[in-house]
Amino acid sequence: MREIGLSKEEVIQELRLRLEGDLSFTDGRILGSMCTYPHEFAQLVFLMNIEKNLGDPGLFPQTAELEKETISMLGELLSNPNACGHIVTGGTEANILALWTAKRLRGNEFRNEVIVPESAHFSFDKAADLLGLKLVKVPLDSRFRVSIEDVERTINSRTLAIVGIAGTTGLGVVDPIDRLSELAVEHDLYLHVDAAFGGFLLPFLKELGYEAPKFDFSLEGVSSITVDPHKMGLVPIPAGGILFRNKEIYSTTAWRVSYMAGGETTQATLVGTRSGAAAIATWAMLNHLGRKGYRDIVKRCMELTLWFVEKVKSLDFIDIVVPPVMNIVGIKTEGVEIQAVAQKLRAKGWAIALFPSHIRIVIMPHVRKSHLEKFLNDLQEVIKSLGASKP
Ligand code: 0PR
């Protein structure tokens, strides 16, 4: 570190140079990310509350109150205004907290297996490793949803929990959570739903008349849900969400702390010192946009997604993997390796996500039709240059 600091102008100038190579959501190249440019009002509110620390809620009791209200609003969106939980750092922390809770609630040396779909986000691998749990990965059906028969077959006396995904990372499909819920009730298992992405879409898709499978607390077997404001909620990072069905489940991971400056408290999150600004910015966005505001955003993203899907389907040698449930499109190729296509597209500057057999495009609010038109042109060119041929 330098002895004498630079002026603010010098630092800003240096930062400008050093960060020049970063992509920006506004330049139209980011088509594979689940994040977007945070809403400007959320940025303002975030900055206005930059010092709030929910790790010591006694110092910021009203921030803590707003966080509770935020969780209750998210709970209402997910059919349970009595849900308890927190605004956390993201989907990874939320998923870790869910499995940690399941473990403390019902786990033991013998009962330590968690059944997850093959499509589960890698945060579950991290969680299992941290918590000493064993993940059992179950195959998917022809629509890339978890195979219920295989889940049923896998359940045994060592099973602690089941995970269902409402909006998979790769394709945005929704597992048959209603059937998972029945199995959870029947076998007395903890059911966690990862709706990190889909939680901010499915309730609005339903209101817009799209097919939106049930996935939330209206299903009696669901114990907890991950829902991330920093994805489709338009809130700045770090804003994840973990919601538990009731206080009893929630309190399982609450740790008492007596020495805090703000007085005795409990912490039920993985991290201690944590952003109150993220919780307040989420509260502000829910109140500012309201259901109609979010519904309009989802409507625009979905309409653009369906337009894009038709375009993709009309091109030679490529197709969609599965009809999209939400604003995520999987593109597969025929007669040419998907990895080669992705490499060329990336060389042309496109920030797309690459899965083993498909490219993922996420039509987030920053994505415009003109970006997609340019992308489709490049995609066609790349396929041609690779000499695709019918197998
Ligand atoms: N659950 C699901 C279903 C997810 O898709 C993700 C992340 C998580 C949990 C974990 O969330 P955090 O990353 O907030 O901990 N999904 C995105 C993905 O893997 C994360 C992401 C976002 C990656 C933006 C890249 C990016 O540019 O695609």
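**Aromatic pairs and a domain interface**

Let's start with one side chain. Arg 29 lies over the face of Trp 350. The distance to the ring centre is 4.4 Å. Keep in mind that this is a predicted model.

Now, Trp 350 itself. Is Trp 350 buried or exposed? Its relative accessibility is 3%. The cut-off for buried is under 20%, so Trp 350 counts as buried.

Next, the aromatic pairs. How many aromatic pairs does a search of the whole structure find? The search finds six. One of them joins Phe 308 and Phe 375. Their ring centres are 6.3 Å apart. Their planes meet at 45°. Planes under 30 degrees apart count as stacked, and over 60 as edge-to-face.

For Phe 375, the relative accessibility is 0%.

Phe 375 also pairs with Trp 350. Here the centres are 5.3 Å apart, and the planes are at 80°. That pair is edge-to-face. Trp 350 is in the loop between α11 (338-347) and β12 (353-355), while Phe 375 is in helix α12. The two residues are 25 apart, and their pair links distant parts of the chain.

Phe 200, Phe 204 and Tyr 294 form it. Remember Tyr 294; we will meet it again.

Let's zoom out to the domains. Domain 1 is residues 23-38 plus 290-385. Domain 2 is residues 40-288. Taken over C-alpha atoms, their centres are 27 Å apart. How many residues take part in the contact? Domain 1 gives 29, and domain 2 gives 38.

About 2,900 Å² is buried between domain 1 and domain 2. Carbon and sulfur atoms give 72% of that area.

Last, charges. Two salt bridges are found across the interface of domain 1 and domain 2. On salt bridges, here is a pair to look up: Glu 207 and Arg 295 form one. Their closest N and O atoms are 2.7 Å apart.

Notes. Residues are numbered from 1 along each chain as its sequence is written. This is a predicted model: local features need pLDDT of at least 70, side-chain atom pairs count only at pLDDT 80 or more; totals for chains, interfaces and linings use all residues. Side-chain values use heavy atoms; hydrogens and water are left out. Rings of Phe, Tyr and Trp (its six-membered ring) pair if their centres lie within 6.5 Å; planes under 30 degrees apart count as stacked, over 60 as edge-to-face and the rest as tilted. Helices (H or I, at least four residues) and strands (E, at least two) are DSSP runs, numbered from the N terminus. Buried means under 20% relative accessible area, exposed over 50%, partly exposed in between (1.4 Å probe, protein chains only). A charge sits over a ring if NZ of Lys or CZ of Arg is within 6 Å of the ring centre and within 35 degrees of the ring normal. Domain bounds come from an automatic or database domain assignment. Contact means heavy atoms within 4.5 Å. Buried area is the accessible area (1.4 Å probe) that two parts lose on being put together, summed over both. A salt bridge is a side-chain nitrogen of Lys or Arg within 4 Å of a carboxyl oxygen of Asp or Glu.
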